[in-house]
Amino acid sequence: MVPPRRKTSTAGGEEAKALERARHLPNVRTATDVETLKRSFLDNLTYAQGKDEHTATSLDRYFAVAYAVRDRMMRHWIQTQQAYYRNDAKRVYYLSLEFLMGRALENNLLNLGLYDPMRSALQDLGLDLADLLSQEPDAGLGNGGLGRLAACFLDSLATLQYPAYGYGIRYEFGIFDQEIRNGWQIERPEEWLRFGNAWEIPRPEYVVPVAFYGRTEHGKDSTGRLRVSWVDGRHVLGMPYDVPIAGYRNGTVNTLRLWRARASQELDLADFNAGDYLSAVEDKDLSESISKVLYPNDLTVMGKELRLQQQYFFVACSIHDIVTRHLKVHEGFEDFPDKIAIQLNDTHPAIAIAELMRVLVDEHGVEWPQAWEICRATFGYTNHTLMPEALERWSVDLFGRVLPRHLEIVYEVNGRFLEEVRGAHRADEAALARMSIIEEGPVKQVRMANLAVVGSRSVNGVAALHTDLLKRELFRDFNALWPAKFNNKTNGVTPRRWLLQANPALASAITEVIGPEWITDATKLRALEPLADDAGFRRLFRDIKRENKARLAEIVKAENGITLDLDSIFDVQVKRIHEYKRQLLAILRVAAEYLRMKEDRAYRPHPRTYLFGGKAAPGYAAAKAIIKLVNSIADVVNHDVDLQGRMTVAFLRNYRVSLAERIFPAAEVSEQISTAGKEASGTGNMKFALNGALTVGTLDGANVEIREEVGADNFFLFGLTVEQVHALKKRGYDPWEWYRNDRRLKGVLDALSAGVFSPGEPGLFRPVVESLLNGGDPYLVLADFAAYVACQEEVDRAYVDPERWTRMAILNVARTGKFSSDRTIREYADEIWRIIPVGDV
């Protein structure tokens, strides 16, 4: 079949030929030799920044380098899109509320093969590339593992040359900047766009109108067919900003398109001229609040409403964009699923199913049965959590007020689904009630996860254990109905960001002994296994780890005013603060260790540095209390002269990608201690192992598979299994029983209650103790405490044998190739999206 072609005029054809000739001529915007890069940098400094060598700041110089790099991406970016059209390629569209991209300059330099020539060019000008890299703010587009996974996926999609787009929101202030004041988390606006973003290209010509509120009108058209109109709504404009995503040295540059909310009317001139200046800009403020902040606090009704608006806003813009692009080269929608795959990254974008139905049925006149078949053949749904609060339920009243047409569509989808299943006698009434998209009760709810399952051709979990729990528990009725729909895609991380870029010394050592192929095929890391028995390589590995510890120690000294002992064990837990992740278990054990060392002067374990980091949701009081507890214990421990040099505790504020790139290479112990059955996968565990940290972990999420890969002897296991957790809760879990029977546990909880770690506020942490003893301890912190303590004693015994420890660490690096996001993306592409690479870019 000859692929459809876009129409061009004769003039356009001549222009295209001239542009093509120009693109292949080396010039100051495309050449990559050192001399041309110097000229490009200086040109951008002068003509883009308007500065000279006397007035330019480090930030100006950063922008000049970034623009020089971006110039060299542009031709490939255009050629990539042309190749997709030329091949009429099936494309995947990845919808995610988060993309935790971090800094882009160093990543782009590495992927484009420009790092060394650019460093040389700047050296010739008396500048240090490393200094300029630090000027770039982290892109404020995500919070935790969900967003970082999406960023890794974009890197892998481009590196593997799959036709792909990412779609998200261009948050003005991201999640928040975290400050620590008197031990408490304080949220400040994350002004990552304060000085602009060198990597984005505004596309005002593709602005999309998005409606909210209003009402629906039902009637018939001239042919007598039922038609529904959504009228009297409030409109917001979605302004797209495109960010290029470069593959690793292959010429492919894909697109991340981010939507910014703008008012349909920037200024009410009549109100302004009448002197009512606040009313004149009221619509602008209301509209633009949609893309201001990631995850606005939803403890209030207005917060919930804003979250729903956010989710629909970016979905509506993206669906419009996808459909428009399809119709440029295809007539109608018969082949829509053959040319388009849409992946929902968790439940946040699930409203896309109802939106595509609305666009097909209401705007393009597709009959409902055909439209529904198109939807179900197009969407894939990735579930990332078993936690109820993350499964997106909206009250019917709120949903219907904000999106009146979509509520009608959801009811129609639900009614037809239940009728189909009931008519086929494939489920009883209790199962139908559990599967219903509408949850009955005093407050009717729209279950977005159920909509995602009903409206998708594929539903996947993100680790083998997680997928098994989805099928056995959360979606057991759906799995009984559609077993072939459910599958596993264990998460992965890009080795280019998390080893090549984050740990250049180790990456260089690996490349020297096994070659560079591991950069795009992480399974090649297996070739390192024999080197675990090579004394010289073990020595080099230890030297590199110590250098990385020193780099991190400099940051901790600057940020926390604490000097770290480089001979101590660097024991790290960095991730989003949540009770199920059990930072509380870790800090209780630290406190217990402190009390034991105070009580028993003969007890002298190997010195250890405990590093914590992560952000708590602004409305999550219990998580904020954990941050305060960590800082309070750190304050007591670090000021105790009796323990100086033996134990140090620090909370690293404002955890983010650029900080993670310093933490993972320096870590020696990776704390992955969530309650079994609660963590979907985890990707921090993979990044730690890839950089040679040894895992202390439960059999939860991807820990199970990491242990299988690296070997049980190279993993410190503790804690209840999923089955044991269920059995314990079934027979009745009494936290007091564990408290009374464990002297060390009782001692640390009593110390918290007595104010040992909050001398100025003796009752400060009693609510924490109360939540454990009288609040049911839902995440079984007390039940796993003794096993955790025993496991940490095994860590101590292993660490004092440096040859054994280093051998274990090298084997962790060698055996984590499975956890490359390249492998994950290939599985999605082959088994869900059914797309193929386009390599003729």
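## A network of charges

Let's start with a group of charged residues: Arg-203, Asp-242, Arg-257, Asp-321 and Arg-325 are joined in a network of salt bridges (a side-chain nitrogen of Lys or Arg within 4 Å of a carboxyl oxygen of Asp or Glu). Across the whole structure, 65 salt bridges are found.

The model is predicted, so local features need pLDDT of at least 70 and side-chain atom pairs count only at pLDDT 80 or more, while totals for chains, interfaces and linings use all residues. Residues are numbered from 1 along each chain as its sequence is written, and side-chain values use heavy atoms, with hydrogens and water left out.

Glu-305 and Arg-401 form a salt bridge at 3.0 Å, N to O. Glu-305 belongs to helix α11 (residues 301-329) and Arg-401 to helix α15 (residues 396-402), so this pair ties together parts 96 residues apart in sequence. Helices (H or I, at least four residues) and strands (E, at least two) are DSSP runs, numbered from the N terminus. Glu-305 is buried, with a relative accessible area of 13%, whereas Arg-401 is partly exposed at 39%. Here buried means under 20% relative accessible area, exposed over 50%, and partly exposed in between (1.4 Å probe, protein chains only).

Another salt bridge joins Asp-822 and Arg-496, whose closest N and O atoms are 2.7 Å apart. Asp-822 sits in helix α35 and Arg-496 in helix α21, 326 residues apart, and both residues are buried.

Where is Asp-700? You will find Asp-700 in the loop between β22 (694-697) and α28 (703-710). Asp-700 is buried yet has no salt bridge, and the nearest side chain of opposite charge, Arg-582, is 7.6 Å away. For charge, Lys and Arg count as positive and Asp and Glu as negative; His and the chain ends are not counted.

The side chain of Asp-700 does reach the backbone nitrogen of Glu-679, at 2.8 Å. Leaving out residues up to four places away in sequence, Asp-700 touches several others, among them Leu-465, Ser-674 and Lys-678 (contact means heavy atoms within 4.5 Å).

## A covered helix

Helix α26 (residues 657-666) is mostly covered, with nine of its ten residues buried. Among those buried are Leu-659, Ile-663 and Phe-664. The buried residues of α26 pack against several elements, including α7 (145-159), α23 (535-560) and β20 (647-652).

Note on methods. Polar contact = N/O pair within 3.5 Å; in protein donor to acceptor, adjacent residues only side chain to side chain.
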